[in-house]
Amino acid sequence: MITAVGLSPAVSSTTPQVLASAGLPEGVELWPTVWILLAVFLVTVALRGLPFAALKFFKESQLVAWLGLVMPVGVMTVLAIYATTTTAQEATSGDAAGGSTIAGVPTGWIAVALGIAFVVAVHLWRRSASLSILLGTVFYVVLVNWVF
């Protein structure tokens, strides 16, 4: 007897067990999952490659040149605003590093101030926005997670 998927009853009864051992839950079929993952993969690759394909059209664009100048400052500004507003919310709710303080100042504010000073120092030293953002983020994460 042949079933709808073309397997005998003995083989099809063990198929869910085989799929379950492969990590698929009961009721999830392999091939629809593979097709969905393939579609997600293709869309992701296309979206990642699209800016590079469009680059030849914008090579001489003044807008792209201007964005190249202002985007690093914009990224650093967004990071600074996020860090300070998040710290302000934590300080008012008492969650900043467990509510601990040093000389009456919440430790979250101290980490933010040290992080901003570190970013400014690295940027003045190396004049590299990427390096300033990367090292400043690492420095702040270390302060928040292991120092304060």
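Colleague: Why is Arg 127 called exposed?

Modeller: Its relative accessible area is 61%. Exposed means over 50%, buried under 20%, and partly exposed in between (1.4 Å probe, protein chains only). Arg 127 therefore counts as exposed. This is a predicted model: local features need pLDDT of at least 70, side-chain atom pairs count only at pLDDT 80 or more, and totals for chains, interfaces and linings use all residues. Residues are numbered from 1 along each chain as its sequence is written, and side-chain values use heavy atoms, with hydrogens and water left out.

Colleague: Where is Arg 127 found, and what phi does Arg 127 take?

Modeller: Arg 127 is found in the loop between H4 and H5. Its phi is positive, about 55°, although Arg 127 is not a glycine. Most residues other than glycine have a negative phi.

Colleague: What makes up the chain, in helices and strands?

Modeller: Five helices and two strands. Helices (H or I, at least four residues) and strands (E, at least two) are DSSP runs, numbered from the N terminus. Along the sequence the pattern reads α-α-α-β-β-α-α.

Colleague: Which residues of H4 are buried?

Modeller: Thr 107, Gly 108, Ala 111, Val 112, Gly 115, Val 119 and Val 122. They cover an arc of only 140° around the axis, so they sit on the same side of H4. The arc is that of the directions from the helix axis to the C-beta atoms. Leu 124 and Trp 125 are exposed on the other side of H4.

Colleague: What span should H5 have, and which of its residues are buried?

Modeller: H5 (residues 129-147) has 19 residues and should span 27 Å. Its end C-alpha atoms are 25 Å apart, which agrees. Ala 129, Ser 132, Gly 136 and Leu 143 are buried. Seen down the axis, these fall within an arc of 65°, so they line one face of H5. The face turned away from them carries exposed Ser 130, Leu 134, Asn 145 and Trp 146.

Note on methods:
The expected span of a helix is 1.5 Å times one less than its number of residues.
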